[in-house]
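Please open the model in your viewer and keep the sequence panel beside it. The stops below say what to select next and what is to be found there.

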Amino acid sequence: MVRKAPSHFPPISPTRTGIRCRCPRCGQGAIYSGLLTVTNCCAYCGLDLSPHETGDGASVFVIFILGALIVPLAFWLEVVFAPPNWLHLMIWPPVIMVLGIAFLRPVKATLIALHFKNLRHKYNE
């Protein structure tokens with residue numbers, strides 16, 4: 001059910017709405033209906049989010065962010081403690097998977113918000 005929303009929406013920071021995973025137009029409605037499934041329209045303002053497509057952009061950014069975080073930590077762990085290779089295999093894959101899933105939602109939502117801000121003509125406003 002779409003609520004009756006105001007006809008004018010103040011500009012909202014794409015980064016702020018992306019980190020909160022909220023609608024890029026009103027900043028109130030949830031942008032996801034599942035883990036990474038973008039909802040068809042905002043439940044608060046009725047913005048149609050179906051023309052949006054981020055492709056693999058969010059994944060690429062998350063890979064770069066995780067690479068910049070994990071590689072120095074792995075080198076530090078190796079230099080300071082010199083653990084066996086099996087310990088690296090026990091530590092880093094779960095850390096990378098958990099952080100990857102945690103970062104993917106806000107990064108994808110931020111790309112959606114930037115898409116809305118810069119390509120507003122593709123949305124039915």
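Begin just after α2, where Ala 82 takes a positive phi of about 50 degrees; helices here are DSSP runs (H or I, at least four residues), as strands are (E, at least two), and they are numbered from the N terminus. Most residues other than glycine have a negative phi, and most peptide bonds are trans. Before moving on, note that this is a predicted model, in which local features need pLDDT of at least 70 and side-chain atom pairs count only at pLDDT 80 or more, while totals for chains, interfaces and linings use all residues. Residues are numbered from 1 along each chain as its sequence is written, and side-chain values use heavy atoms, with hydrogens and water left out.

Stay with Ala 82, which is found in the loop between α2 and α3. Ala 82 is exposed, with a relative accessible area of 51%; exposed means over 50% relative accessible area, buried under 20%, and partly exposed in between, with a 1.4 Å probe and protein chains only. If you draw a distance from the C-alpha atom of Ala 82 to that of Gly 29, 53 residues apart along the chain, the separation is 48 Å.

Next select α2, residues 57-81. At 1.5 Å a residue, its 25 residues should span 36 Å, and the end C-alpha atoms are 36 Å apart, which agrees; the expected span is 1.5 Å times one less than the number of residues. A kink of about 25 degrees is centred on Gly 67, the bend at a residue being the angle between axes fitted to the seven residues ending there and the seven starting there. Colour Ala 58, Val 62, Leu 66, Ile 70, Ala 74 and Leu 77, which are buried in α2. An α-helix has 3.6 residues a turn, so residues three or four places apart point the same way. The buried residues of α2 pack against α3, where contact means heavy atoms within 4.5 Å.

Still in α2, go to Val 79, which counts as exposed at 69% relative accessibility. Together with Trp 76, Val 80 and Phe 81, Val 79 makes a nonpolar surface patch of about 460 Å².

Now select helix α3, residues 85-118. Its 34 residues should span 50 Å at 1.5 Å a residue, and its end C-alpha atoms are 46 Å apart, which agrees. Look at Leu 104, where α3 bends by about 30 degrees, with a proline, Pro 106, following within four residues. Among the buried residues of α3 are His 88, Trp 92, Gly 100, Leu 104 and Phe 116, and the buried residues of this helix pack against α1 (14-20) and α2.

Which residues does Pro 14 touch, not counting those up to four places away in sequence? Select Pro 14 in helix α1 and you will find Thr 110, Ala 113, Leu 114 and Lys 117. Pro 14 counts as buried at 11% relative accessibility, and its C-alpha atom is 13 Å from that of Leu 119, 105 residues apart in sequence.

Finish in the loop between α1 and α2, which holds Cys 21 and Thr 54. Cys 21 has a positive phi of about 60 degrees although it is not a glycine, and at 11% relative accessibility Cys 21 counts as buried. Thr 54 is also buried, at 18%, and, leaving aside its neighbours within four places in sequence, is in contact with Lys 108, Leu 111 and Ile 112.

Methods: Patch = residues over 30% accessible without salt bridge, like charges linked within 9 Å, V, L, I, M, F, W, Y side chains within 5 Å. Areas by Shrake-Rupley, 256 points an atom, 1.4 Å probe, with all protein chains shown as cover. Salt bridge = Lys/Arg side-chain N within 4 Å of Asp/Glu carboxyl O.
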